[in-house]
Amino acid sequence: MYRPAVLCLVAVFAVVTAATVKRHPVTVVVSFDGFRPDYIRPDVTPHMAQFRDASAAPPYMRSAFPTKTFVNHFTMATGLNPETHGVLDNTMFDSHNETMHYTYEQFHYDDSVVPIWIQNENNGEGRHSGVMMWPGSEFPYQGKTPTYIEVYNNSIHWNSRIDTIMSWIENENQPANLVFAYFEEPDRTGHKKGVGSQEIQNQILRVDGTVKYILEQLKYKNLEEKINLIILSDHGMETVTYDRMIFLDDYVSNMTYKSVITGPNAFILPNTGKFDEVYTNLSSGANTSKTFYVFKKKELPDRWHMKNNPRLNGIIYLLSKPSHAFWYSFYQNILDKTTKEMFRTGTHGYDNDDPLMHALFMVSGPMFKKNFTAQPFDNVDLYPLISHLLTLDETANYARPVNGTIAGVEQLLLSPKSSSAGTSSSSSPHVLAGILATFIDALKKYQ
Ligand SMILES: *[C@@H]1O[C@H](CO)[C@@H](O)[C@H](O)[C@H]1NC(C)=O
Ligand SMILES: *[C@@H]1O[C@H](CO)[C@@H](O)[C@H](O)[C@H]1NC(C)=O
Ligand SMILES: *[C@@H]1O[C@H](CO)[C@@H](O)[C@H](O)[C@H]1NC(C)=O
Ligand SMILES: *[C@@H]1O[C@H](CO)[C@@H](O)[C@H](O)[C@H]1NC(C)=O
Ligand SMILES: *[C@@H]1O[C@H](CO)[C@@H](O)[C@H](O)[C@H]1NC(C)=O
Ligand SMILES: *[C@@H]1O[C@H](CO)[C@@H](O)[C@H](O)[C@H]1NC(C)=O
Ligand SMILES: *[C@@H]1O[C@H](CO)[C@@H](O)[C@H](O)[C@H]1NC(C)=O
Ligand SMILES: [Zn+2]
């Protein structure tokens, strides 16, 4: 029922509003991989502590299960549960039962799954997205990539990544109204050295300095009243020592299955005819050691929203208990450089109810409450929140129903979604300006 006259009107409307979107609140989402909410301390991370005090922030945000990087970044980007978007771990089996890690196929279990940076541009009216290294962003979805993209490269200096983001927002012809940015620490160092190491502490300070730089740049560029800035992480981190390692060879012959092990999580694909024996041996090992859980696909808890995906067909899924992990090559590489007594590694992937797996979330900007302690919510709810900020059309033919809901995140907003149809930035209080003023004061104090 498309009528050319209507299409024509839409086209005219798009031209007229292209300039006004520039004045529309811009949303910037910054992720620091594996940043645990309790890493923020006024004496250690003054800038983040200051930002949180002035923000709308829950004590933590609940991650999706498994509490892994690709799973959670894709859940946040799509608003879908892992079983629906199909990314079930950083490394997993592909459709030929071969190990798959960061491939197009991994992020395209279902071609109708589209990240919000694509949906933003589908909404037109001069909307442009910029994505800096966010996991899954370099792959096209339904043949589309965002206007601005920079693929993951950890040699690129963090401040220079921020300079690039600012240039996207400030672009004269195609200003970005949505930015997703990813920073790989303190996760990388946490894995190698464990929580509480001097090395991870240095990365936490580096994150704090980066938040300071972001806020300085926003102030300098006069963007502080236009940006809704979300600072978050994907999951937490826990230290594992050598005596907490689980060796599957103790329970089942390694000739009888293929596996993908990612620390606390393991996908076990028994050889033909071996399923029952492998399952029995692993279950008996779990019963006697009490260090891990064993699941057939159908036994996985519903609350993980993971089981209803064909990618788990024929798989026995293992999850270790907190502070335990399954031995694999990554750990062998660490052990090669140290002793069993000195062995300390950080990991995540545990139950998303485990407090140490919880993620960081804080937001400041014209549409948000200030100095507000919110109730925890699920990171799948981020999509409806951002969709609301960007005034995306949830009834458009290219839109699809998501699993996240606005109910959990509405509490953060100055005016709830139900009462804010046709949100405009003209009446926005200068919240971020206030934050920056206190922030500058804090800077003086800490110099
Ligand atoms: C936030 O609110 C608390 C009381 O709820 C107050 O003590 C504190 O000073 C406020 N902080 C800022 C930055 O406004
Ligand atoms: C992968 O393994 C599952 C379970 O054993 C099996 O159903 C499927 O056919 C295998 N796929 C391929 C391509 O071998
Ligand atoms: C990553 O960035 C560095 C520094 O800019 C550059 O020299 C290098 O070529 C980049 N690597 C890739 C794979 O693009
Ligand atoms: C299961 O455990 C039994 C007893 O230790 C062992 O004989 C058998 O080989 C194991 N089966 C597999 C598949 O590893
Ligand atoms: C498989 O198990 C055997 C016997 O337990 C062990 O010697 C061997 O190192 C294992 N191989 C691998 C690849 O783990
Ligand atoms: C493990 O324990 C469960 C619960 O007690 C029991 O149902 C199951 O039979 C045990 N499995 C094995 C292989 O011993
Ligand atoms: C998640 O959303 C998809 C539609 O995109 C739907 O098919 C699925 O049933 C939803 N899952 C839950 C647990 O609501
Ligand atoms: Zn991560």
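Between which strand and which helix is the loop where Pro 66 is found? In this predicted model, Pro 66 belongs to the loop between strand S2 (56-57) and helix H3 (69-78). Select Phe 65 together with Pro 66: the peptide bond from Phe 65 to Pro 66 is cis, and its omega is near -10°.

Next, select Glu 185 and Pro 186. The peptide bond that runs from Glu 185 to Pro 186 is cis, with omega near 5°.

Select Gln 142, which is in the loop between strand S5 (129-132) and strand S6 (148-150). Its phi is near 50°, a positive value in a residue other than glycine. Is Gln 142 buried or exposed? Gln 142 counts as exposed because it has 12 C-beta neighbours inside 10 Å, and a residue with 12 or fewer is classed as exposed.

Finally, select Thr 391, in the loop between helix H11 (382-389) and helix H12 (431-446). Thr 391 is not a glycine, yet its phi is positive, at about 50°. How many other C-beta atoms lie within 10 Å of Thr 391? There are 19, so Thr 391 is partly exposed; a residue is buried if 20 or more other C-beta atoms lie within that distance.

Terms used
Residues numbered from 1 in each chain as written. Chains lettered and ligands numbered in written order. Predicted model: local features only at pLDDT ≥ 70, side-chain atom pairs only at ≥ 80, totals over all residues. Helix = DSSP H or I, 4+ residues; strand = E, 2+ residues; numbered from the N terminus.
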